[in-house]
Amino acid sequence: MADDVLVLNELTALSLFLRVRRGEAPRLLLIDPILPPLRPLLDRLWTWARGRGARLLIEDYPEHRQEWSYPTLIFTDNVLEVIEPWQGEHFRFDAADRDERHGIALKLLATMFMFRRYMAAFLINKHVGLTGAKVIGLSPEITGLARAWFGAQALAGVSPARLPNRLLTWPLALAGWLSALALVLTRLRSEVTPKPVFVMADQNNDWRDLELYRAFAKGGELLVVMRNAEIAAQARDKFKEWPYCLPGDGAYDPRGAWEAALDASRDAFDIWRRWGGLAPALFWEMALLPWRRVKLRALFNRFRPRYFWARDDYNVDHVLRRQELNRVGAQQWGLNHAVQGITIKMPQLRHVSMDRYFTIGSAFHPYFKDTWKVDALHAIGSFAFTEQHFKAPIRTSSDILFMARFAIGNAEFIRAVRLAAQAFPDRRIALQVKSGYPHDELIPAFIEDCRRGLANVAHVTDPVYDLVLRADMIISDPSTIIAEALQLGIPTAMIDVIPGQKLSIFREFPGLCLTTAEAVVERLKAWIDGTEVFDSSRYDTLVNLDKRPYHEMVCEKMPELNGDIAKASP
């Protein structure tokens with residue numbers, strides 16, 4: 001266990017090659033290229049080394065395999081709030097505040113850059129603490145992250161690699177600039193006449209957009225912007241009522257091309273002047289901003305919307321898109337569709353730029369008021385519910401529905417299911433388990449542990465909202481479904497048993513969270529015998545409790561649409 005640990009980059013590649021040739025089996029923390037365009041070469045080297053005995057450090061820590069595969073699980077440790085002061089200082093967020101054109105993009109990119117390194121910092125800190133191993137090739141960013149997170153004593157004896165960043169970033173700036181110019185040239189046409197459209201809508205193959213699109217279309221032409229060609233192939237039949245385009249389908253006339261080329265040139269130089277001292281891997285993402293911008297501008301040269309409906313508040317494109325839309329007199333409206341239950345401050349949502357931003361509730365707004373660049377905030381309830389959901393009867397069975405995602409395999413969750421089944425033998429205990437994540441391999445044993453010897457425990461796989469509408473009561477681990485069920489008026493509580501979870505917005509509502517299996521059964525009994533009356537109004541800031549489809553609340557903010565027009569056809 002005390003063997004050296006390598007971070008594979010351009011400076012450590014030769015060391016890895018020689019060690020493997022000598023018959024050693026080095027441990028690798030991660031592939032962390034200094035210059036991202038060279039990543040394919042490092043991947044090939046690692047594949048070669050892996051085939052000759054090299055191994056990943058995570059293989060020594062199987063207890064952390066789930067977090068490694070799905071880093072969102074580490075949010076339970078409230079990582080961003082802990083490391084944010086260091087992050088802001090390290091990446092000069094004070095200077096970003098003075099950079100009106102690219103400052104918020106820098107903050108978003110830096111925050112996501114560090115998020116992708118959370119688990120590497122966690123794992124190497126644990127390994128060095130246990131073994132005293134030497135680490136070769138660790139970046140200042142991962143080292144600084146570990147020390148901000150675990151204390152100044154973390155990674156004792158580890159010296160990060162220091163690089164001449166300015167020297168390394170100017171070729172990246174040049175490559176980003178040339179990429180932007182090449183894109184402008186490939187989109188050059190003799191003449192471009194913008195086509196007016198009412199709404200352009202970002203689409204990532206989500207059926208929940210259908211009713212909103214039908215409402216938008218009552219105000220004018222809707223153009224669906226498929227996120228990429230793969231999404232277009234998957235979603236075009238689902239959204240065949242409307243024309244669609246791809247983000248790269250824009251165009252420039254000669255004058256527009258010249259102006260875009262000049263802007264890209266100024267931007268490329270200014271980004272390097274301001275941010276050339278960043279880690280080259282992060283700077284590469286900044287260097288591509290001019291390319292991203294001219295791609296967006298080309299799209300809005302060809303199609304000129306009044307509104308753009310954005311679903312990508314976690315991508316840097318949304319920051320540039322708002323600027324380009326505002327440039328032509330349009331607005332960007334966007335959606336935050338979930339309640340983030342396992343922490344509050346999430347990297348993906350820390351830096352958002354919208355003209356109007358619609359969220360499920362308002363309880364977490366104060367946590368983001370210093371980092372969101374949003375002109376108007378609106379709480380609209382669940383994004384998933386249509387008029388049919390609100391008209392449907394609720395609590396049509398005596399089922400007690402347990403819902404699990406983060407708590408799969410959790411002993412206290414299993415105990416709660418079993419105690420409930422024993423306490424209410426005349427009721428079905430329906431167990432819904434969210435799949436499609438790295439923990440899927442745990443699901444069969446988890447289900448069996450919940451129902452072993454209990455005839456009234458049933459694993460259910462019906463559509464999730466059918467289950468919710470039918471259930472008499474719901475117990476869930478941290479999930480948006482808690483807020484959605486509360487909006488419908490169904491007695492619901494969170495089972496708060498994830499080890500080490502430091503924060504949750506649900507805990508701000510007294511009585512909503514239950515920390516033991518016994519407390520769960522006690523609450524269910526109180527609901528059943530009437531000693532506790534469920535009152536959803538206590539949660540009106542967690543979720544907008546109006547039983548109105550979200551598309552109505554969005555469209556009523558558009559002067560072009562009134563309440564009658566906003567209602568989509570059934």
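I looked up Asn301 and found that this residue touches Val192, Thr193, Pro194, Ala251 and Tyr252, leaving out residues up to four places away in sequence, where contact means heavy atoms within 4.5 Å. The model is a predicted one, in which local features need pLDDT of at least 70 and side-chain atom pairs count only at pLDDT 80 or more, while totals for chains, interfaces and linings use all residues. Residues are numbered from 1 along each chain as its sequence is written, and side-chain values use heavy atoms, with hydrogens and water left out.

I placed Asn301 in helix α14 (residues 289-302), helices being DSSP runs of H or I with at least four residues, numbered from the N terminus. Asn301 counts as buried because its relative accessibility is 15%, and buried means under 20% relative accessible area, exposed over 50%, and partly exposed in between, with a 1.4 Å probe and protein chains only. I also noted that the side chain of Asn301 reaches the backbone oxygen of Ala251 at 3.4 Å.

Next I turned to the cores, each a set of buried Ala, Val, Leu, Ile, Met, Phe, Trp, Tyr and Cys residues joined through side-chain atoms within 4.5 Å. The largest nonpolar core has 152 residues, and Leu29, Tyr118 and Phe402 are among those with the most contacts inside it. Helix α6 (residues 103-115) gives the largest share of this core, 10 residues. I then found a second, separate core of 29 residues, which includes Leu212, Ile231, Ala232 and Cys555.

For Leu29 I listed the residues touched, including Val5, Trp68 and Leu138, again not counting residues up to four places away in sequence.

Note on methods: Helices (H or I, at least four residues) and strands (E, at least two) are DSSP runs, numbered from the N terminus. A polar contact is a pair of N or O atoms within 3.5 Å; within protein, one must be able to donate a hydrogen and the other to accept it, and residues adjacent in sequence count only if both atoms are side-chain atoms.
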